[in-house]
Each structure stands twice: as C-alpha cells, then as structure tokens.
Amino acid sequence: MSADSDTIARASALIADARDICVFSGAGMSAESGIPTFRDALTGLWAEHSPEDLATPEGWARDPDLVWGWYRDRADRLRTVTPNAGHRALADLHRNRAAVGGGVHIVTQNVDDLHERAGSTIVSHLHGDLTTPRCSGCGRRGSPTDMLTEPRPSCPLCGASLRPDVVWFGEMLPGDQWADAERAVDACDLMIVVGTSGVVHPAAMLPERAAHAGTPIVEVNPDPSAVTAIADVHVPGTAAAALPRIT
Ligand code: BV8
Ligand code: ZN
C-alpha cells in the first residue's frame, strides 16, 4: 500500500517546519537493505529457536556456542549489505538541517551500522552494536574481526569468553545511550518513527515521551504499529520508498 499525496504532503509539511528532528528507528529501517526484521531473523539454521532463546542471558548460559553462531552469522551478513535509500534520506536531512543550525539525532533499536554507513553522524544505539563484541568478564571491547571468528574467542586480558555487545532481553540498556536518547527526544521539535512495531520496552516509551510533550510524530511503516495511535501522520509506506518522498 503506498501513501496518498495528501498524507505525503502533511508529513512533508511537518518535517519542513522542524529544525531539530529525532528519528526513532527499528528493524523495518534495515529491511530493504536485506536484513530480516527481528522476528523473521530466525531463518535457516535458527528456524527452530525463538528470539528469546537466543537473545537472553539464559540462552547464552545454556548454549553460548549456539548464541555466538547466530550473532556471528548476522555480523557476517551485515558486511554484505548496504544502507538503503531511507538511511541515505535521513543522512541528507541531517546535513540539510545542520546548515541552518539544527540537525537529526537518530535513536535506533537496531544493532547494525547502516545509519552510520549512510552518513548519519549522531546515532544512539539503545540495544548495542552487532559489529564488535565485548568480554563477558572484564568488559574489554574486542574487534570487528573477533565478531566474525569461530570458535567463540576468549579475552586476551582475562581469558573469559567474548560475547556479542548487544542488549539481551532482561538486560539493562546502556545508561549513556539512554540518557542521550531522552535528551534528543526532549530537545526535538519533531519525531520521525520508522520501522518499529513499538512493543519492546523501555525503548517503546520514547514515542510516548514525545507525544506527552506535545511533539508532533510522523510514523513511516507499511503496517499499523503500537505507535500509530499517537502519531500525527502515519505514512503507510516503507523506509526506502517513503523517506525520500517526505524529507
Ligand atoms: C529491560 C538486541 C529491564 C539483540 C533487542 C512485558 C511487557 C512489557 C515489557 C516486558 C515484558 N516482559 C519483559 C519485558 C521487558 C522486555 C520487553 O520489552 N519484552 C518485549 C518482547 C515484551 N525488554 C527488555 O528485556 C529490555 N530490558 O527491560 O531490562 C531491567 C530492569 C532492571 C534490571 C535488569 C533489567 C531489553 C530489550 C532489548 C532486547 N534486545 N535487540 C538482538 O538484536 O539480537 S530487541 C530487538 O527486538 C530489536 O532491537 C528491537 O528493539 C526489537 C524488535 O522490534 P522492532 O525493531 O520494532 O522490529 P519488529 O520486527 O518487531 O518490527 C518491525 C517493524 O517494521 C514492523 O512494524 C513492520 O511493519 C515494519 N517494517 C517491516 N518492513 C519495513 C517496515 N517499516 C518500514 N520499512 C520497511 N521496509
Ligand atoms: Zn576480559
């Protein structure tokens, strides 16, 4: 379903009037780059496992090699994909607003680096970073090469196993990224929500925080989501097709 011209016009007008924009993105943002959304990431070898089995400390404790293999495969696949027109439209929008003293702050739930590779320079990652692991013992950051290594590597400092540097279900979000995200939401005069079902907390509270402050929200999603009810405009389109049209 594509957006009608009136919806595009209303979304475009809200974005044109905004100087400081906060973009809140989810897995749908990267779908057209070839990265499956979270729920259907479980293809092939992983079809028999639920995300909660693989993206939890309990799953890691139960079978660290299985969990490591899933993230290694995702990191390997990430190297073969590129940002899509939606990522590029958001990077262009930031450059455009920075020229007049504003900007675009991306707050993403995604663990890929496609916003950065498209040229976005202000990105907060609420759920971590797939490209580089950390030590499960001393916290030392590994390298992107470590993330592509099998079998699971150990820390050169303390000998503990490296783990994916992502936030699993039941784990706290990184405090610094969360604080930056809240500041971005409070400072913006428009929020654009792209490609999220809006069900994972506490991230899902951010659009509600914006709406509560009276900040207008434009949502880009081919389907309705938990955000749609509080969005001023819902553009029923995909990130790569709709974002270039409204920014
Ligand atoms: C915490 C990293 C507390 C790992 C991820 C019951 C009720 C409410 C909350 C809870 C509950 N039980 C437990 C909780 C808390 C839990 C939670 O929210 N669970 C959910 C499932 C109910 N949250 C947590 O555990 C968080 N931590 O709460 O800690 C705490 C307190 C004290 C002490 C200790 C702890 C941690 C959550 C983070 C989990 N990690 N990712 C990895 O990637 O492997 S979450 C992961 O799934 C993603 O990061 C993302 O956030 C989420 C998936 O959501 P979406 O991004 O929205 O993707 P989804 O597939 O759902 O939707 C895609 C959307 O895109 C769809 O709407 C679709 O229509 C659209 N779309 C598709 N194609 C396109 C498109 N849009 C545009 N263009 C397209 N082309
Ligand atoms: Zn270590």
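Helix H2 (28-31) and helix H5 (64-78) each give at least two residues to the shell around ligand 1. Helices here are DSSP runs of type H or I with at least four residues, strands are E runs of at least two, and numbering starts at the N terminus. This is a predicted model: local features need pLDDT of at least 70, side-chain atom pairs count only at pLDDT 80 or more, and totals for chains, interfaces and linings use all residues. Residues are numbered from 1 along each chain as its sequence is written, chains are lettered from A and ligands numbered from 1 in the order in which they are written, and side-chain values use heavy atoms, with hydrogens and water left out.

**The ligand site**

The shell around ligand 1 has 32 residues, and Tyr71, Val167, Gly170, Thr196 and Ser197 come nearest. A residue is near a molecule if one of its heavy atoms lies within 4 Å of it. By class, the shell has 15 nonpolar, 12 polar and five charged residues. Ala, Val, Leu, Ile, Met, Phe, Trp, Tyr, Cys and Pro count as nonpolar, Asp, Glu, Lys and Arg as charged, and the others, Gly among them, as polar.

| Residue | Protein atom | Ligand 1 atom | Distance |
|---|---|---|---|
| Glycine 28 | backbone N or O | nitrogen | 3.3 Å |
| Histidine 201 | backbone N or O | oxygen | 2.8 Å |
| Asparagine 221 | polar side-chain atom | oxygen | 2.8 Å |

Taken alone, ligand 1 exposes 1,500 Å², and the protein buries 72% of that. Accessible areas come from the Shrake-Rupley method with a 1.4 Å probe; for residues, only the protein chains shown count as cover.

**Aromatic pairs**

Rings of Phe, Tyr and Trp (its six-membered ring) pair if their centres lie within 6.5 Å; planes under 30 degrees apart count as stacked, over 60 as edge-to-face and the rest as tilted. By this rule there are three aromatic pairs. Tryptophan 70 and tyrosine 71 form an edge-to-face pair, because their ring centres are 5.0 Å apart and their planes lie at 70°. The rings of tyrosine 71 and tryptophan 168 have centres 6.3 Å apart and planes at 55°, so this pair is tilted. It links distant parts of the chain: tyrosine 71 is in helix H5, and tryptophan 168 is in the loop between strand E5 (162-166) and helix H9 (175-187), 97 residues apart. Ring pairs join Trp60, Trp70, Tyr71 and Trp168 into a cluster.

Tyrosine 71 is buried at 2% relative accessible area. Tryptophan 168 also counts as buried, at 2%. Buried means under 20% relative accessible area, exposed over 50%, and partly exposed in between (1.4 Å probe, protein chains only).

**Other positions**

Valine 166 sits in strand E5. Its relative accessible area is 4%, so valine 166 is buried. Arginine 10 lies in helix H1 (residues 5-17). At 39% relative accessibility, arginine 10 is partly exposed.

One joins glutamate 150 and proline 151, with omega about -5°. Another joins histidine 201 and proline 202, with omega about 0°. Proline 202 is in the loop between strand E6 (190-194) and helix H10 (205-212).

Methods
A polar contact is a pair of N or O atoms within 3.5 Å; within protein, one must be able to donate a hydrogen and the other to accept it, and residues adjacent in sequence count only if both atoms are side-chain atoms.
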